[in-house]
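The sequence and structure come before the details.

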Amino acid sequence: MYRNYLTIAWRNLLRHKAFSAINILGLAIGIAACLLILQYVRFELSYDDFHAKGDRIYRVRQDRYNEGKLSTQWAAGAYAAGNSFKDAFGEIEEYVKMLQRGPMVASYGTEQFKVEKPMFASEAFFKVFSYPLLSGDPNTALAEPNTVVISKALAEKYFKGQDPLGKSIRLNEKREYKITGVAGDLPPNTHLKFDALLSYITFVKQMGPDNNPETAWQWDGCLTYLLLKPGTNPNALEAKFPAVVDKLAGEEHKRYNSAAIYLLQSLPDIHLYSNFMGEVEPNGDGNAVYLLLGIAFFIVVIAWVNYINLATARAINRAKEVGIRKVAGSFRGQLIRQFLLESALLNALAVLVALVLVVVALPFFNGLSGQQLSFSLLLSPSFWLALLGLFVVGAFLSGLYPAFVLSGFMPVTVLKGKLSASHRGVFLRKSLVVFQFAASLFLLTGTFTVFRQIQFMRDQKLGINIDQTLVIRAPIVRTDSTFQTTMTAFKEEMLRFPGISKVAVSTSVPGDAVGWNAGGIRLKGTDEKEGRQYRVIGGDYDYLDTYDMKLVAGRKFSKAYGTDPKAVIFNKMAVQQLGFDKPEAAIGKEIEFWGEQYRLIGVIDNYHQQSLREAYEPLVFRLIPDLAGPISVKVGTGQLSGTIASLQAGWNRFFPGNPFEYFFLDEHFNEQYKADQRFGQVFGLFTGLAILVACLGLFGLASFATVQRTKEIGVRKVLGASVMQILQLLYKDFALLVVIGFVISVPIAWYVTNQWLQGYAFRTGPEWWLFVLPFGVVLLIALLTVSFQTLKAALANPVKSLRTE
């Protein structure tokens, strides 16, 4: 019996090739798009899921408050938190402290190599986390001072087949570290990426007993992870933190009228729901991930809707077949099984085509999304489970309603030729088409909003000049006693070249978060409780001029004033936080800064240190002439390669042993928008696919509707109707459905896009054209889609039309 069902289903597919092709292609595109998005979402949600104890690992993050107002949210908080909480609470099994470190130059024999991502890590690192350790003892690898665990890649590249265990390397020409372990390749789905781990006890020893980090509650920048004992309630544990913090650091907090709230953040939540100061790397966006998941749902549902619409629209054509089968003795259940098998066959063919589309599209999708999905995903159980789920749900849901409609025809009515389309069936088809249009309009409005916001951010003036700025990364290996003299000589020699106009050194450059966070800054003579938190940028005499920062009051740093090393410059936000409405009123005031007094000599205008996602921050500029930081160089447009070659030659002469690495600041600044840009491209791609799938169904419906009205069109032409009048007749129904879809989609799209835009401190509004333009685009696409069949019918000879049965 099922063989007979399958034969009939196959014949029906071949008999109606156009409708079969539309359904298979629409379903295949929908399934392929859904599979790609599901794998993208799976990868994003899989971050740090490989840790055996991951469900018990929590990161301690902190919120800093001044006078009850949130001032800073840290991913990397106070140094004393880990050991203090472990001593205080029996629910904590172990803790790990980690400290980010800038790039280092390592030497082994005659070999010299750069360590890109070194980090300090405490003794329990390999006991808490499940990162692979190929050699060495996980219990003791980081227990002793001056020990290091290096990555497999570094070991293979620089030790060339030798066993590096037990050998020593010199870092930054200063200190020798004994290699106590080799870590395996890190999985791509981890928020902690490193190529060397230095023992944290080394850092503690370097600081000395007078600056012991283990008791430091006002120092921020230490990543702390807790391994909780099985059965521990993290919320209950978190509620106990304030009492311990108040006991150990309460006096210091009261002194500055500040507070630090310590919160537990589960390991799986870090990648998608954490964007705080001191993050190890830029994290993902949970809202964007789930929004893409919603698009996947829309696309595959639109494809299923196509099948339902086309199957029920063709019901009248198959009515006689159903009538004859019922007269011949078929039961309704048998007919339902037959039509469900047809749906299953069509979905199975669509799945095969979808697999081909996934294989072809995967490299392109990786490039677009920045993901690292490989063809191995085709072998993963989750991929095949998703595929099976889409097939089963699609075959059942999309085939169920048409099966019940087709099997419900009464044989007497059908065979007498009295069957006509029911009002309920027509209403359902129109409702489903409205859903498709509403979904397409919603997605298109979202796409336009994303790209409008990106363009808005890139078009805004930053308040500084970053054009033609080349930034050389800070020298790693240096001799402290002669460094200032060396840096001064390097700058002077570079300024002699005709292609270089300005050179400046600073702790931060635009496009980077300001890592220097200073609390307790206040006016001299005021109570310590008046202290506030500020972001501090250290720079030389030329830093402000190099970036054309606009002075609104006072003056900039100058060598003409011998007192400038004890001077500071604020931006307008910082002056307002200090309590002055007018910048001029702050000039000359004495500032308390970490136990020392500085004179405020100037105020510059607010500018965008980071992307426009971030609000203006209160900035303090300190003059530090002997600074070792990134070097900003203003270069001319001509002979750029020669200028870079001159810079490199001078660098190698003044800073031997240091890699010459540089980037152009405008490109670096725009890197901040790359994640938004990729999200917009992925969103736009799948929005286009959703509209394509909807149009395929619309084309099929238009073709069927035109065939159904062929005789009517012939009669109207004989009675004198023009081609345009007939087109208007056929366009009217579809245009009305687009209008209804527009009315439904606008409030939903407005709410969702407005909520998304709230994540940007500087944003465009949900402008009217962002809704009207998608309506015009979808309406035009819809009319063009139906035009192929309707125009052919309108131009046809009415004599042939009237002969149509």
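Val743 is placed in helix α23, residues 723-757; helices (H or I, at least four residues) and strands (E, at least two) are DSSP runs, numbered from the N terminus. Val743 is exposed, at a relative accessible area of 54%. Exposed means over 50% relative accessible area, buried under 20%, and partly exposed in between (1.4 Å probe, protein chains only). Together with Leu736, Val739, Ile740, Ile744 and Ile748, Val743 makes a nonpolar surface patch of about 500 Å². Patch residues have over 30% relative accessible area and no salt bridge, and nonpolar side chains (Val, Leu, Ile, Met, Phe, Trp, Tyr) are joined within 5 Å. A salt bridge is a side-chain nitrogen of Lys or Arg within 4 Å of a carboxyl oxygen of Asp or Glu. Areas come from the Shrake-Rupley method with a 1.4 Å probe; for residues, only the protein chains shown count as cover.

## Basis of the values

The model is predicted: local features need pLDDT of at least 70, and side-chain atom pairs count only at pLDDT 80 or more, while totals for chains, interfaces and linings use all residues. Residues are numbered from 1 along each chain as its sequence is written, and side-chain values use heavy atoms, with hydrogens and water left out.

## Nonpolar cores

The largest nonpolar core has 124 residues, and those with the most contacts inside it are Tyr543, Tyr547, Met549, Phe557, Tyr607, Phe621 and Phe686. Helix α9 (residues 286-313) gives the largest share of this core, 17 residues. Another core, of 27 residues, lies apart from it and includes Phe126, Phe129, Phe194 and Ile270. Such a core is a set of buried Ala, Val, Leu, Ile, Met, Phe, Trp, Tyr and Cys residues joined through side-chain atoms within 4.5 Å.

## Strands around β21

Strand β21 (residues 590-593) runs antiparallel to β17 (residues 517-523), joined by two bridges, and pairs with β22 (residues 596-604) in the antiparallel sense over four bridges. Pairing requires at least two DSSP bridges between two strands. Ile591 is the bridge partner of Leu523 and stands opposite Tyr598 in β22. In the hairpin of β21 and β22, with two residues between the strands, Trp594 takes a positive phi near 55 degrees.

## Two lysines

Lys114, in strand β6 (residues 111-115), counts as buried at 16% relative accessibility. Lys53, in the loop between α2 (17-45) and β1 (57-66), counts as partly exposed at 28%. The C-alpha atoms of Lys53 and Pro230, 177 residues apart along the chain, are separated by 9.6 Å.

Conventions
Patch = residues over 30% accessible without salt bridge, like charges linked within 9 Å, V, L, I, M, F, W, Y side chains within 5 Å.
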